[in-house]
Amino acid sequence: MKILNIDIIFDDSGHSEISEYWAYMEKSKIHLSFKSCTFVWNCLNHFPNLKEVTILLKKFLAFHEFDQPYWGGLSSYSVFVMITAYLNSLGNQIPSSPSKLFYNFLKFYSNFNEVKTGININGSYFPLSGI
C-alpha cells in the first residue's frame, strides 16, 4: 500500500486567527504564497467537486510516480491550477459527478496543445503565439 502525501490545506476555516493573519499578509503584500492560499480557498468555495477531483488526480499521479516536481512530475499547485483552468473553461457546463469531471478532465488534457496554449496561474488559458 502506498501512502499519499498531499500538500494543499483544504479546511482551516475554524481558525479565525489564521484567516486574520492571511488578510493582514495579503494587504501587506509580504509573501505571494498567501495570495495562492486565498486563490485556492476561493476556487474551492466556487467550484463543487474541485477538492475531490484534486485529491483523485494527486492519487493518480502518485500511483504512476508523476507527483514529484523535482523528477519531472507535477506539484500540487500545478495540478490545482490545471483543474481550475479546465473548470473555468467549462462555464456553466460543469459535470455534477466528481468521476465524470475527472474523466472529462483527463480527456481534455489528453488532447491539450501545450505548444499553442499556456495555463495562467489564475486558472485560465492564453495563446502562446504572442510570446
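Reply: Happy to! A definition to start with: two strands pair if DSSP finds at least two bridges between them. Also, this is a predicted model.

Me: Good to know. Which strands pair here, and how do they run?

Reply: Strand β1 (residues 117-120) and strand β2 (residues 124-127) are joined by four bridges and run antiparallel. Asn120, for example, has Ser124 in β2 as its bridge partner.

Me: And how many residues sit between the strands of that hairpin?

Reply: There are three residues between β1 and β2, and Gly123 takes a positive phi near 80° in this hairpin.

Me: Let's zoom out. What's the order of elements in the protein chain?

Reply: Starting at the N terminus, the order is α-α-α-α-α-β-β. That makes five helices and two strands.

Me: Switching to α4: why is it described as largely enclosed?

Reply: Eleven of its 15 residues are buried, so the rest of the structure largely encloses α4. Among the buried ones are Phe80, Met82, Tyr86 and Leu90. For the protein chain, 31% of the 131 residues count as buried.

Me: How far does α4 reach, first C-alpha to last?

Reply: Helix α4 (residues 76-90) spans 21 Å, close to the 21 Å expected at 1.5 Å a residue.

Notes
Residues numbered from 1 in each chain as written. Predicted model: local features only at pLDDT ≥ 70, side-chain atom pairs only at ≥ 80, totals over all residues. Heavy atoms only, no water. Buried < 20%, exposed > 50% of the residue type's maximum accessible area, 1.4 Å probe, protein only. Expected span 1.5 Å × (residues − 1).
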